[in-house]
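Thank you all for coming. I would like to walk you through one structure this morning, and I would ask you to keep it in view while I talk.

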Amino acid sequence: MSDNKNKASSCPVCKGESSVKYTPFCSQRCADVDLSRWLGGGYRIPTSERPIGPADDDEIM
Ligand SMILES: [Zn+2]
C-alpha cells in the first residue's frame with residue numbers, strides 16, 4: 001500500500017530522472033517534446049518546417 005508517489009519520479013518522455021526545475025520532466029527539451037505532442041504535433045520536433053501548399057499542384061482539369 002504505497003500510494004505515496006516517489007518524490008523522484010521519472011521523466012514521462014525519456015524515462016530519465018526528472019528535474020525539480022522541469023518537473024515532471026528532466027529538462028526543458030523533454031518538456032518541449034511533451035508539449036508538442038499535446039499540441040498534436042506528434043513525436044517530432046519542428047526543425048525545418050515545410051509549408052504544405054499548392055506548390056506542386058497537378059492540373060488535371
Ligand atoms: Zn526527459
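This is a predicted model: local features need pLDDT of at least 70, side-chain atom pairs count only at pLDDT 80 or more; totals for chains, interfaces and linings use all residues.

**A zinc site and its surroundings**

Val33 lies in helix α1, and helices here are DSSP runs of H or I with at least four residues, while strands are runs of E with at least two, both numbered from the N terminus.

Residues are numbered from 1 along each chain as its sequence is written, and side-chain values use heavy atoms, with hydrogens and water left out.

As for the overall picture, the protein has 1 helix and 0 strands, and of its 61 residues 15% are buried. Its accessible surface comes to about 6,100 Å², with 52% of that belonging to carbon and sulfur atoms, the areas being computed by the Shrake-Rupley method with a 1.4 Å probe and, for residues, with only the protein chains shown counting as cover. If we take the contacts with a separation of 6 or more, residues 24 or more positions apart account for 6% of them, a contact being heavy atoms within 4.5 Å.

Now to the metal. Which residues are the protein donors of the zinc ion? They are Cys11, Cys14, Cys26 and Cys30, each through its SG atom, at 2.3 to 2.4 Å from the ion; donors are N, O and S atoms within 2.8 Å of the metal, or 3.2 Å for Na, K and Ca, and since water is not among the atoms, sites may look incomplete. The spacing of these donor residues in sequence is C-x2-C-x11-C-x3-C. Cys11 and Cys26 both lie in the segment before α1, so this pair ties together parts that are 15 residues apart in sequence. The arrangement is tetrahedral because the 4 donor atoms around the zinc ion subtend angles of 103 to 119°, and four donors count as tetrahedral if all angles lie between 85 and 135 degrees. Cys11 is buried, at a relative accessible area of 0%, whereas Cys26 counts as partly exposed at 23%.

Leaving aside residues up to four places away in sequence, Phe25 touches Cys11, Pro12, Val13, Ser18, Ser19, Cys30, Ala31 and Asp34. Within α1, the buried residues are Cys30, Ala31, Val33, Asp34 and Ser36. In general, an α-helix has 3.6 residues a turn, so residues three or four places apart point the same way.

Turning to the segment before α1, Ser18 is found there, and Ser18 is buried, with a relative accessible area of 17%. The side chain of Ser18 reaches the backbone oxygen of Ser9 at 2.6 Å. Ser10, in the segment before α1 as well, counts as partly exposed at 44% relative accessibility, and, again not counting residues up to four places away in sequence, Ser10 touches Lys15, Gly16, Ser18 and Pro24.

Finally, a few backbone details. A cis peptide bond, with omega about 0°, joins Thr23 and Pro24, and Pro24 lies in the segment before α1, which spans 28–38. Lys15 is a residue other than glycine with a positive phi, near 60°, and Lys15 is exposed, with a relative accessible area of 61%. Just after α1, Gly40 takes a positive phi of about 85°.

Conventions. Buried means under 20% relative accessible area, exposed over 50%, partly exposed in between (1.4 Å probe, protein chains only). Four donors count as tetrahedral if all angles lie between 85 and 135 degrees; four count as square planar and six as octahedral if opposite donors are over 155 degrees apart and all others between 65 and 115; anything else is irregular. A polar contact is a pair of N or O atoms within 3.5 Å; within protein, one must be able to donate a hydrogen and the other to accept it, and residues adjacent in sequence count only if both atoms are side-chain atoms.
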